[in-house]
Amino acid sequence: MSPPAANLTIDGARLWDSIMEMAKIGPGVAGGNNRQTVTDADGEGRELFQSWCEAAGLTMGLDQMGNMFARREGTDPEALPVYVGSHLDTQPTGGKYDGVLGVLGGLEVIRTLNDLNIRTKHPIVVTNFSNEEGTRFAPPMLASGVFAGIHDQDWAYARTDAEGKTFGAELERIGWKGEEQVGARKMHAFFELHIEQGPILEAKGKDIGVVTHGQGLSWTQITVTGKESHTGSTPMPMRRNAGLAMARILEKVDAIAWARQPHALGAAGHIEVYPNSRNVIPGKAVFTVDLRSPDLAQIEEMEAEVRTAAQEICERMGLEVTFEKVGGFDPVTFDEGCVAAVRNAAERLGYSHMPIISGAGHDACWINRVAPTAMIMCPCVDGLSHNEAEEITPDWAKKGADVLFHAVVETAEIVA
């Protein structure tokens with residue numbers, strides 16, 4: 001299996017033009033995108049992607065979760081395909097590159113093979129997974145989760161948005177519910193190109209992140225119950241302040257994560273305090289502790305320490321506390337062979353690179369359960385993502401797609 005020659009690279013200008021053309025669909029209000037899953041804008045983006053795939057000579061498959069599979073045939077009809085892709089849906093105030101770079105980078109791999117008249121033994125399939133973001137229909141990575149057997153399909157169809165609409169009904173409404181059984185496809189390998197969504201690569205001046213692992217995640221909702229009382233007339237010793245207990249617990253969460261550096265993370269993004277009035281001491285606080293690490297044992301240790309610390313704090317303060325595990329997934333270790341293909345591609349092309357752990361969830365994290373998988377990351381400005389100000393450079397996009405091309409094509413095996 002010989003790799004592509006080092007002088008073979010994708011057309012960076014064509015890739016960038018495609019990204020900018022896709023960004024015209026579902027524009028945001030501040031330069032980004034609002035192309036949420038199974039909306040009319042999502043349907044329009046899918047149509048544009050399909051038209052480009054057909055122009056490149058690909059045949060389109062569509063499964064019952066709306067996952068799109070654009071196939072370029074290989075020379076061996078018995079060889080399993082190499083899959084490549086990501087997602088086209090965005091956050092309500094999303095950027096132009098999150099997910100889109102991976103899908104259109106995959107299409108650019110095909111276009112470049114066509115330009116160079118290169119055939120591969122294995123077919124190559126460019127994929128757009130439905131509802132990766134999970135912003136309209138929770139949880140994220142919904143359709144790739146069904147594909148990998150993580151979620152039940154009927155359960156996924158029944159997910160509702162803020163208006164009570166279901167994912168299944170909206171998928172059918174926009175005309176992108178296919179007939180193909182979800183998860184029936186078998187993969188030789190899967191590669192996903194993505195922006196880092198973090199500041200490490202830019203800060204270290206690296207072109208490419210070779211993703212070796214994905215952070216595991218644990219969400220525990222903690223409810224602290226005290227007693228609402230007047231802030232001006234309740235003496236300090238008689239207060240049962242749920243808000244203060246929450247603050248002390250979160251200080252412990254921070255310390256617990258700091259004690260397990262360099263990779264452990266801990267914080268609370270979701271916080272609600274009741275009654276949330278200026279002159280009332282909080283009688284209840286509900287917050288979700290988000291713990292992450294590439295080491296499952298470390299996550300479990302942090303969970304236990306947080307619970308112990310919270311119980312001790314609340315006992316000292318005369319408060320009640322309850323815990324509910326509301327989400328999470330185990331850490332991901334990507335396939336050594338696929339990771340090596342990515343690393344070798346970066347070295348062959350002369351691009352600076354470093355190993356990196358993905359702090360966010362991606363479709364690749366679920367597909368890794370059913371096929372050898374790896375990810376490639378390129379920098380993004382200030383690490384900003386899930387924001388309309390999300391930005392990358394054409395050079396970063398091209399280098400990421402070049403590495404993607406080399407890794408995919410080497411894995412798919414060039415036919416002389």
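Helices (H or I, at least four residues) and strands (E, at least two) are DSSP runs, numbered from the N terminus. This is a predicted model, in which local features need pLDDT of at least 70 and side-chain atom pairs count only at pLDDT 80 or more, while totals for chains, interfaces and linings use all residues. Residues are numbered from 1 along each chain as its sequence is written, and side-chain values use heavy atoms, with hydrogens and water left out.

Start with the loop between α8 and β10, where Pro-262 is found. The peptide bond from Gln-261 to Pro-262 is cis, with omega near 20°. A cis bond also joins Tyr-274 and Pro-275, with omega about 5°. Pro-275 sits in the loop between β10 and β11 (280-281). Most residues other than glycine have a negative phi, and most peptide bonds are trans.

Gln-197 is not a glycine, yet its phi is about 65°. Its place is the loop between β6 (189-195) and α7 (200-204). Glu-413 is another non-glycine residue with a positive phi, near 70°. Glu-413 lies in the loop between α12 (394-412) and β17 (414-415).

Now turn to helix α9. It has 22 residues, 296-317. At 1.5 Å a residue it should span 32 Å, and its end C-alpha atoms are 32 Å apart, which agrees. The expected span is 1.5 Å times one less than the number of residues. Buried residues of α9 include Gln-298, Ile-299, Met-302, Val-306 and Ile-313; buried means under 20% relative accessible area, exposed over 50%, and partly exposed in between (1.4 Å probe, protein chains only). Exposed Glu-315 and Arg-316 are on the face turned away from the buried side. The buried residues pack against β8 (216-225), α8 (242-258), β10 (265-274), β12 (284-293) and β13 (320-329). Contact here means heavy atoms within 4.5 Å.

Look at the ends of α9. Asp-295 caps the N-terminal end, with a side-chain oxygen 2.9 Å from the backbone nitrogen of Ala-297. After the helix comes Gly-318, whose phi is positive, near 70°.

Next, the charged side chains. A search of the whole structure finds 20 salt bridges; each is a side-chain nitrogen of Lys or Arg within 4 Å of a carboxyl oxygen of Asp or Glu. One of them joins Arg-136 and Asp-161 (3.0 Å, N to O). Arg-136 lies in the loop between β5 (124-128) and α4 (142-147) and Asp-161 in the loop between α5 (153-157) and α6 (167-173), so the pair ties together parts that are 25 residues apart in sequence. Both Arg-136 and Asp-161 are buried. Arg-71 and Glu-73 also form a salt bridge (2.9 Å, N to O). Arg-71 is partly exposed at 24% relative accessible area, and Glu-73 is partly exposed at 41%.

Lys-96 lies in the loop between β3 (82-86) and α3 (100-116). Its side chain reaches the backbone oxygen of Gly-31 at 3.1 Å.

Notes. A polar contact is a pair of N or O atoms within 3.5 Å; within protein, one must be able to donate a hydrogen and the other to accept it, and residues adjacent in sequence count only if both atoms are side-chain atoms.
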